[in-house]
Amino acid sequence: MSHLHLPDGILPLWLVLSGWALAMIFLGLASFKTREGELRLARLGFLAALMIVAMSLELLPLAYHLNLGVLAGILLGPALGFLAAFLVDLILALLGHGGITVLGLNALILGLEIFLGNLLFRGACRLGIPPPPAAAGATVFSLFCSTSLMVLVVRLSKTAPSAILEHQPVPHFHAFLLLVYGLGSLGWLLEAALTAGIVRYLSRLRPAFLEDSC
Amino acid sequence: MLDLEAIDRWARTDSPFHRASPLSKICGASLGILGAAIASSPPFLLLLAAEWLSILAWSRLPLRSILTLCGYAGLFAGLYSLIDWGGFPLALTLILKAVVSALSVLSVVATTPYPRVFQAIRPILPRPLPDALLLTYRSLFILLHRWGHLITALRLRGGIVPRHPLRTLRNTVPSLGMLLLSALDHSQGLYEAMLLRGYRGFLASERKNFFSREDFLPFFFGALSVLIALVGRKTWNP
């Protein structure tokens with residue numbers, strides 16, 4: 001749910017450009033923060049690849065794609081996590097999954113999920129919550145937020161900029177919301193269970209990987 | 001599942017379009033996307049789709065697989081048009097715009113080996129990204145292979161049961177955990193190998209920026225797309 005599958009030429013230009021401008025600012029900040037982290041660069045490559053592998057797994061009855069964004073956020077941190085979001089979306093766009101022009105918006109949506117995942121997991125760990133439930137909670141909340149950002153982008157794309165504040169109704173939008181949040185919430189729970197399971201596996205076998213975040 | 005190996009194989013065959021430089025193909029595809037954005041009528045968008053399909057057929061790429069890849073883009077454009085239904089012509093326009101854009105992008109990635117595509121976009125990306133992009137793409141092949149083996153092993157041992165999603169999930173978690181650990185170990189090994197080979201924060205890449213005769217092809221087809229789209233916009237008034 002943290003990915004707009006929309007191709008090029010559909011979203012209005014102002015929205016596409018705003019997405020790119022914001023994504024470029026965050027990319028610049030993230031790149032500046034990670035200039036010396038070569039070890040993490042190799043880890044970034046593998047975790048971004050793992051996210052793409054996870055995205056190729058579809059939960060069939062729900063048509064929901066896993067993405068492991070929160071797990072990447074926990075293991076990479078927010079700055080490298082945002083770079084991972086951009087890389088994942090770029091590679092998917094090159095393969096025809098989502099347009100090149102939508103890349104900025106996609107990076108923001110997935111980047112938000114990764115950023116919030118890291119932030120919430122850290123916060124929960126500091127409160128003394130064990131890593132698996134902390135990861136599960138962080139996953140559900142982050143996916144809710146990134147899905148809401150995706151819904152907002154779709155809503156904005158259906159309205160002229162001058163009419164946004166007038167709250168013009170968009171036909172069938174409620175049905176769209178019902179579909180996205182209804183099916184999506186089941187997917188979030190499954191992804192939360194999966195992320196919690198992997199974090200538990202990791203905390204038993206290699207707890208050192210979680211030390212930075214927890 | 002992503003068929004990266006097929007795309008990689010297509011990129012390594014030979015045709016005049018394959019021989020054009022990645023930069024010229026990126027410029028041509030950008031013009032193609034611009035054409036799709038400008039065009040607003042189904043007949044002219046069909047013409048654009050036919051143009052890019054002919055280029056890909058001329059480049060000896062399997063059209064059925066290419067159309068499957070573009071089908072994803074068309075499908076999601078169709079779903080998007082359902083949110084705010086404005087009639088069949090508008091839905092068809094959106095779907096065709098998506099397909100033409102996807103075809104233009106595929107004309108780059110399906111005819112150019114990935115290190116050369118990444119090298120061409122290196123100057124426009126912030127410093128760690130081009131190296132990370134190359135590492136990600138390389139890692140993707142390794143992980144897809146490993147994941148394929150893990151899934152086969154799970155299936156053979158009865159770990160994937162479509163009627164019992166929870167049992168499947170319980171069995172899949174350790175496999176993904178194992179894949180993650182292997183990815184983290186591999187990244188450590190890769191970093192050490194990079195250091196041994198003299199990595200100092202920049203991966204060296206092949207430099208080949210001269211223009212060849214074939215470089216005019218992508219520019220020509222990209223410009224033709226924009227021209228068709230402009231003519232369509234001026235003349236089509238249903």
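1. Domains of chain B. In this predicted model, the C-alpha centres of domain 1 of chain B and domain 2 of chain B are 32 Å apart. Domain 1 covers 4-120 + 209-235 and domain 2 covers 128-196; the domain bounds come from an automatic or database domain assignment. Four residues from domain 1 and seven residues from domain 2 make the contact, where two residues are in contact if their C-beta atoms, placed from the backbone, lie within 7 Å. On the domain 1 side, helix H7 (residues 114-121) of chain B has the largest share, three residues. That side of domain 1 divides into four nonpolar, no polar and no charged residues. Here Ala, Val, Leu, Ile, Met, Phe, Trp, Tyr, Cys and Pro count as nonpolar, Asp, Glu, Lys and Arg as charged, and the others, Gly among them, as polar.

2. Conventions. Residues are numbered from 1 along each chain as its sequence is written, and chains are lettered from A and ligands numbered from 1 in the order in which they are written. As this is a predicted model, local features need pLDDT of at least 70 and side-chain atom pairs count only at pLDDT 80 or more, while totals for chains, interfaces and linings use all residues.

3. Chain B overall. Chain B has 10 helices and zero strands, and its pattern along the sequence is α-α-α-α-α-α-α-α-α-α. Helices (H or I, at least four residues) and strands (E, at least two) are DSSP runs, numbered from the N terminus. The C-alpha trace of chain B spans about 60 × 50 × 30 Å along its principal axes. Of its 238 residues, 39% count as buried. A residue is buried if 20 or more other C-beta atoms lie within 10 Å of its own, exposed if 12 or fewer, and partly exposed in between, with C-beta atoms placed from the backbone. Among contacts in chain B with a separation of 6 or more, 81% are between residues 24 or more positions apart.

4. Arg9(B). This residue belongs to helix H1 (residues 4-11) of chain B. Arg9(B) is exposed because 11 other C-beta atoms lie within 10 Å. Between Arg9(B) and Thr111(B) there are 102 residues in sequence, but the C-alpha to C-alpha distance is 9.2 Å.

5. Interface between the chains. On the chain B side, 56 residues are in contact with 54 residues of chain A. Two or more residues each come from helix H3 (22-38), helix H5 (63-83), helix H6 (88-109), helix H8 (128-156) and helix H9 (165-196) of chain B. H9(B) gives the most, with 15 residues. By class, the side of chain B that touches chain A has 45 nonpolar, seven polar and four charged residues.

6. Chain A overall. Six helices and two strands make up the secondary structure of chain A, in the order α-α-β-β-α-α-α-α along the sequence. Of the 214 residues of chain A, 55% count as buried. For contacts in chain A between residues at least 6 apart in sequence, 77% join residues at least 24 apart.

7. H1(A) and H3(A). The axes of helix H1 (residues 13-33) and helix H3 (residues 69-94) of chain A come within 8 Å and cross at roughly 130°. Axes are lines fitted to C-alpha atoms, for helices over the stretch in contact, and angles run from 0 to 180 degrees between N-to-C directions. The angle makes H1(A) oblique to H3(A); angles under 35 degrees count as roughly parallel, over 145 as roughly antiparallel, 65 to 115 as roughly perpendicular and the rest as oblique. Ala23(A), Phe26(A), Leu27(A), Ala30(A) and Lys33(A) of H1(A) meet Ala79(A), Phe82(A), Leu83(A) and Phe86(A) of H3(A). By class, this contact has eight nonpolar, no polar and one charged residues.

8. H4(A) and H5(A). Helix H4 (residues 103-126) and helix H5 (residues 131-157) of chain A pack at an angle of about 150°, with their axes 8 Å apart. H4(A) and H5(A) are therefore roughly antiparallel. Their contact has 19 nonpolar, five polar and one charged residues.

9. Glu191(A). This residue is placed in helix H6 (residues 173-205) of chain A. Glu191(A) counts as buried because it has 28 C-beta neighbours inside 10 Å. Neighbours within four places in sequence aside, Glu191(A) is in contact with Leu66(A), Thr139(A) and Leu143(A). Glu191(A) and Gly111(A), 80 residues apart in sequence, are 17 Å apart in space, C-alpha to C-alpha.
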